[in-house]
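Me: Hi! I have a structure open here and would like to talk through a few spots in it. Could you take a look with me?
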Amino acid sequence: MLEIQQLNTDEWKRLRKIRLAAISEAPYAFGSTFQETTVRPKSDWTAQIASLPTFVAVLQGLDSGIVRCSPRPDSEDTADLISMWVAPNARGFGIGEALIDVAIDWGRSEGYARLLLDVSEGNSFAIALYKRKGFKATGRTSRFPPPRQHIQEYEMAFDL
């Protein structure tokens, strides 16, 4: 059975564990590196949960996926879908779709008109998932910060 749970600040160790698993398994998909992430203090993790709604997919009692949402500081009507990841052994069970749905629901409940995300160019499965859920490429691109500036990301948007 799949359950989506929103983390609270007391659950910072869950966030840390999931985030490290995600970055370890798919380093091409995240702006942060494993090395940077391992040294973050507890205060960093709790602050992230306090400021970024963090949703975890729990499949058969195991944390199996994550998505976070972030208001855009430069736009009152736009928010970001960030940190999306599903554990390899949990793929194919609809977790990605469920996590996107919860991010969309969050955006609508907060009154946003648009949800944006960035996806790395080689992440074809994620790109296909986002397209299936109705996200469209905006034409904007960016690059990861050093030392992985060779990885290009594409922006996609969903009108809420």
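Reply: Happy to! One term before we start: contact here means heavy atoms within 4.5 Å. Also, this is a predicted model.

Me: Good. Which residues does F135 touch, leaving out those up to four places away in sequence?
Reply: F135 touches L81, I100, L115 and L117, and also Y130, M156, A157 and F158.

Me: And how many residues does the largest nonpolar core have?
Reply: That core has 44 residues. F135 is among those with the most contacts inside it, along with V67, L81, M84, I100, L115 and Y130. Helix α4 (residues 95-109) gives the largest share of this core, seven residues.

Me: Switching to D80: where is it found, and is it buried or exposed?
Reply: D80 is found in strand β4, which covers residues 78-86. Its relative accessibility is 13%, and buried means under 20%, so D80 counts as buried.

Me: What does the D80 side chain pair with in a polar contact?
Reply: With the side chain of R72, at 2.9 Å. Beyond its neighbours within four places in sequence, D80 is in contact with R68, C69, S70, R72, L115 and L116.

Me: New topic, helices. How do the axes of α1 and α3 cross?
Reply: The axes of α1 (residues 12-25) and α3 (residues 42-51) come within 9 Å and cross at roughly 95°. The two helices are therefore roughly perpendicular to each other.

Me: Which residues meet there?
Reply: From α1, W12, L15, R16 and R19; from α3, K42, W45, T46, Q48 and I49. Four of these are nonpolar, two polar and three charged.

How values were computed
Residues numbered from 1 in each chain as written. Predicted model: local features only at pLDDT ≥ 70, side-chain atom pairs only at ≥ 80, totals over all residues. Heavy atoms only, no water. Helix = DSSP H or I, 4+ residues; strand = E, 2+ residues; numbered from the N terminus. Buried < 20%, exposed > 50% of the residue type's maximum accessible area, 1.4 Å probe, protein only. Polar contact = N/O pair within 3.5 Å; in protein donor to acceptor, adjacent residues only side chain to side chain. Core = buried A, V, L, I, M, F, W, Y, C linked by side-chain atoms within 4.5 Å. Axes fitted to C-alpha atoms, helices over the stretch in contact; angles between N-to-C directions. Parallel < 35°, antiparallel > 145°, perpendicular 65-115°, else oblique. Nonpolar A, V, L, I, M, F, W, Y, C, P; charged D, E, K, R; others polar.
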